Amino acid sequence: MTRDEWLTQLCAKLLDQGISKKDVQEAQEFYAEALDDRMEDGMTEAEAVADLGDVRDACDSVVESLPPVRRAVAGVRQSRERTVLVIVLLILGAVAWVPLAAGLALLAVAVYAAIWCVIAALWAVDITLLLMGGVGIAALVEGLTTGVTLTGVYSCGVGLVLCGAGIALMPVMAMCSVQLARLTGKYARWLKHFFVRVAKGDQADAGYRPASVGSWWQRNASFWRPCLLVALIVATVGGVLVLIGLIACGFDPQTLPMLPELHAWGASVGLDLAHWVAYIS
């Protein structure tokens, strides 16, 4: 049997089994190259063909090397009756697999959204602490202008302490956000692999590892070190003001006079952090 005859029989058998023309062409090119390599190594054409073995074995090898879905499609192409049967089964099975697929998709979206909600919640807490510094300064100004200086000083101290805590937590929030964002990327990769690996016959994504917490702190030292320094300064100033207020009121903030509400743009804003701290403590 000649080289061309062997390849022609291979292509014919593959087409008879319902293999797509693209896969048949790839198999033909592969075995043609294998024959050429043997002939370049010194074999005759007949010896090269005999060395490859029977056409049916090569055909079976090509079919087995295809991804599961392609093999299934090839099997469906072999028989119109089987095609009709598969369509009927898909329609009947849709009652089960369509809700299941929809449920899995909704679950995936819910998990993805939950991760980003955690990130948003972390930053909401930190921003609230940072805003306390502005509230404390506003309380000091309000206390000085309304004659309730001691309450304003104490409230300003509380606000600065909370603001310092917010500044100190900024690097922690940033690190958590980065790790959670990386987690969403890993989760998206897992979802992609879960839904398409059978259809494409691909392998699981390998080599992906979230950055370690230690490496993040090392890479971002120029960010978190100034944050901690500023936080220490702000919190120290706030602590001094709180201590002054506590000493002046005999360590009983409830005895301090109430700070009037701030009226701006038709709204009333309470700035009295002194009594707020006394209330929650």
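User: Is Arg38 buried, partly exposed or exposed?

Analyst: Arg38 counts as partly exposed, because its relative accessibility is 24%. Here buried means under 20% relative accessible area, exposed means over 50%, and partly exposed is in between, with a 1.4 Å probe and protein chains only.

User: Before I go on, what am I looking at?

Analyst: This is a predicted model, so local features need pLDDT of at least 70 and side-chain atom pairs count only at pLDDT 80 or more, while totals for chains, interfaces and linings use all residues. Residues are numbered from 1 along each chain as its sequence is written, and side-chain values use heavy atoms, with hydrogens and water left out.

User: Ok. Which residue meets Arg38 in a salt bridge?

Analyst: Asp51 does, at 2.5 Å from N to O. The pair links distant parts of the chain, with Asp51 in helix 3 and Arg38 in helix 2, 13 residues apart. Asp51 is partly exposed because its relative accessibility is 43%. A salt bridge here is a side-chain nitrogen of Lys or Arg within 4 Å of a carboxyl oxygen of Asp or Glu.

User: How many salt bridges does the structure hold?

Analyst: It holds 4. Arg3 takes part in a salt bridge with Asp4, with the closest N and O atoms 3.1 Å apart, and Arg3 also meets Asp36 in one, again listed at 3.1 Å from N to O. Since Asp36 lies in helix 2 and Arg3 in helix 1, that pair ties together parts that are 33 residues apart in sequence.

User: Zooming out, what's the overall layout?

Analyst: The protein has 10 helices and 2 strands. From the N terminus on, the elements run α-α-α-α-α-α-α-α-α-β-β-α. Helices (H or I, at least four residues) and strands (E, at least two) are DSSP runs, numbered from the N terminus.

User: What share of the residues is buried?

Analyst: Of the 281 residues, 31% count as buried. The accessible surface comes to about 17,200 Å², and 66% of that belongs to carbon and sulfur atoms. Those areas come from the Shrake-Rupley method with a 1.4 Å probe; for residues, only the protein chains shown count as cover.

User: What about contacts across the sequence?

Analyst: Taking contacts with a separation of 6 or more, 73% are accounted for by residues 24 or more positions apart. Contact means heavy atoms within 4.5 Å.

User: Where's the largest nonpolar core, and which residues have the most contacts inside it?

Analyst: It has 21 residues, and those with the most contacts inside it are Trp6, Leu10, Leu14, Tyr31 and Leu35. Helix 1 (3-16), helix 2 (21-40), helix 3 (45-52) and helix 4 (55-65) each supply at least two residues of this core. Helix 2 gives the most, with 6 residues. A nonpolar core is a set of buried Ala, Val, Leu, Ile, Met, Phe, Trp, Tyr and Cys residues joined through side-chain atoms within 4.5 Å.

User: What does Leu10 touch?

Analyst: Not counting residues up to four places away in sequence, Leu10 touches Ala27, Tyr31, Val55, Ala58 and Cys59.

User: Switching to helix 7. Is Ser177 buried or exposed?

Analyst: Ser177 counts as buried, because its relative accessibility is 11%. It lies in helix 7 (residues 149-200). Its side chain makes a polar contact of 2.6 Å with the side chain of Trp123. A polar contact is a pair of N or O atoms within 3.5 Å; within protein, one must be able to donate a hydrogen and the other to accept it, and residues adjacent in sequence count only if both atoms are side-chain atoms. Leaving aside neighbours within four places in sequence, Ser177 is in contact with Ile119 and Trp123.

User: And Gly157?

Analyst: Gly157 is in helix 7 too. Its relative accessible area is 0%, so Gly157 is buried. Beyond four places in sequence, Gly157 is in contact with Gly238, Leu241 and Val242.
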